[in-house]
Amino acid sequence: MNTLIALAILSVLVLLMEMLNLRRIIVPVTIIGLLAALGISVSEWDTNQSFYHSMIVVNKTNMLFSGLFIVLTIFLVALSESFYKPIYNKIADFISIKLFLLIGAVCMICFGNMVMFFLGLEILSISLYILAGSDFTNIKSNEAGMKYLLLGSFASGFVLFGIAMIYGATASFNIIEISALWSQQPLWFSLGAVLILIGLLFKVAAFPFHFWAPDVYQGAPVLTTTLMSTLAKVAAVAALFKLYQIFMPGLPSEFNQLLIFIIMATMLVGNIMALQQNNVKRMLAYSGISHAGFMLMALLSAAISGPYLFYYATAYSIAGIAAFSAVLYVCQGMDDEDISSFKGLVYQKPLMAVVLAGGLLSMAGIPVMAGFFGKLFLFENTLNAGHTFLVIWAVINSIISIYYYFRLMITAFTKPETDTTTDEIIHKKRYYTTYMLVGMVSVIISIAIGIYPDLILGLF
């Protein structure tokens, strides 16, 4: 609860600094404030309390995910300093929206009441709608914002209708009371649970609710795409995992088989479509869809897979920050984020090429990066649960993903032709230092938790 209060105060403080014309200190003050909120979250991680009639629940798992959300927001705010430089007079608006989005993400994992969950979901979603369409001079951004608003609102309607049906069956919004009453409930309780899970599968961009992601990721500003691919996706997966643990006993027995089909289809569609993309943001959008499939494997053994899901979410999101740091640098000022734009990057900015390679290697699951162990732990856990064919399917999809990750990486390490202007374009890029520092820190973290996975797993 103290973490939410600190974040709310920081959000308002950012807007006040804008009013006082203190824009130049907004980013450093925000990062300091987020570090303070992270300290509060760490101090509460080993407690077990509820506040305001169980609206907010503080426990170890909730605080660990909240801490991850805050760390990701620190990276995103640091990247904002350079990304919003051309429109620096509006930086307070963008930073405050990101902080409100973070508040929504924390509410989505710390809820003890379905009303608080829906409130957090809508705070996060509305913030994303605004950020997706924030480049009002770009028709692609306008289209992305409108598509996400219409489709996201439709998915939120599923969630709200599901919550209403569960309340009608149990006369309670409290998740402890709901989980204790599921065995005595009529059919519409299960139907309500399924509707909520469908709405969250949309937010995660899992098959067959993935169709919005490539267009929205491509049209949105690059930093917004970074946020959607990391913080927003991890928050949605964490909320889905928590709700599935609550509703799992009350779901029809056939739902488990349906879930396995969704996982397999999500992996396959994401990877096969990513193979065909020349636009980096669309490629990473389909890549994110496939990673959603990997993370959904944790639902099949939800009682024991919490630590492994947290590890995978950490590894994936940190790798995403690293990869997008390079994308932000290379694609600044460009109308199209084509893979060819990365050609010869290693000859102009070697460290940035290393950052890109580090992020992509972790996403591909190459040892000793954290992404490899994230997949290994989930595969082992799923295998122990008796889903051998699913693990084989996941390994095949991991091998497929190596192709498009290495395609981008090889392009960055390929010497450009003498008649190209890539060298000149890269020389003209600005704001290199921030992108490089954030990317390097992300790669170092990815390697560290890959070599020492107990740094994460030992927290549970």
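The model is predicted, so local features need pLDDT of at least 70 and side-chain atom pairs count only at pLDDT 80 or more, while totals for chains, interfaces and linings use all residues. Residues are numbered from 1 along each chain as its sequence is written, and side-chain values use heavy atoms, with hydrogens and water left out.

The protein splits into domain 1 (1-251) and domain 2 (253-459), with bounds that come from an automatic or database domain assignment. Taken over C-alpha atoms, the centres of domain 1 and domain 2 sit 22 Å apart. Domain 1 puts 45 residues into the contact and domain 2 puts in 48 residues, contact meaning heavy atoms within 4.5 Å.

On the inside, the largest nonpolar core holds 170 residues. Such a core is a set of buried Ala, Val, Leu, Ile, Met, Phe, Trp, Tyr and Cys residues joined through side-chain atoms within 4.5 Å. Buried here means under 20% relative accessible area, exposed means over 50%, and partly exposed covers what lies in between (1.4 Å probe, protein chains only). Phe69, Met114, Phe117, Phe247 and Phe342 touch the most other members of the core. This core draws at least three residues from each of domain 1 and domain 2. As for Met114, leaving aside residues up to four places away in sequence, the residues touched are Ile163, Phe173, Ile175, Ile178, Ile196, Leu243 and Phe247.

On the outside, a nonpolar surface patch is made up of Val12, Leu13, Leu16, Met19, Leu20, Leu22 and Ile25, with about 650 Å² of accessible area together. Patches take residues with over 30% relative accessible area and no salt bridge, joining like charges within 9 Å and nonpolar side chains (Val, Leu, Ile, Met, Phe, Trp, Tyr) within 5 Å. The areas themselves come from the Shrake-Rupley method with a 1.4 Å probe, and for residues only the protein chains shown count as cover. Leu20 counts as exposed, at 61% relative accessibility. Asn21 lies in that loop between α1 and α2 too, and counts as exposed at 54%. The phi of Asn21 is near 60 degrees, a positive value in a residue other than glycine.

Now for the charged pairs. A salt bridge is a side-chain nitrogen of Lys or Arg within 4 Å of a carboxyl oxygen of Asp or Glu, and by this rule the count comes to five. One of them pairs Arg23 with Glu18 at 3.1 Å, N to O; Arg23 is partly exposed, at 24% relative accessible area. Elsewhere, Glu143, Lys147, Asp215 and Arg282 are linked in a network of salt bridges. Glu143 and Lys147 are four residues apart in helix α6 (residues 139-170), so about one helical turn separates them. Lys147 also bridges to Asp215, with the closest N and O atoms 2.9 Å apart. Because Lys147 lies in helix α6 and Asp215 in helix α9 (residues 212-219), the pair ties together parts that are 68 residues apart in sequence. Glu143 is partly exposed at 41%, as are Lys147 at 28% and Asp215 at 31%.

In the loop between α8 (187-204) and α9 sits Pro208, joined to Phe207 by a cis peptide bond with omega about 0 degrees. Ala205 is found in the loop between α8 and α9 and has a positive phi of about 70 degrees, although not a glycine. At 1% relative accessibility, Ala205 counts as buried. Another cis peptide bond joins Pro367 and Val368, with omega about 5 degrees. Pro367 is found in the loop between α15 (350-364) and α16 (370-384) and is exposed, at 51% relative accessible area.

Finally, there is Tyr347, found in helix α14 (residues 345-348) and partly exposed at 47%. Not counting residues up to four places away in sequence, Tyr347 touches Phe413, Thr414, Lys415 and Pro416.

Key: Helices (H or I, at least four residues) and strands (E, at least two) are DSSP runs, numbered from the N terminus.
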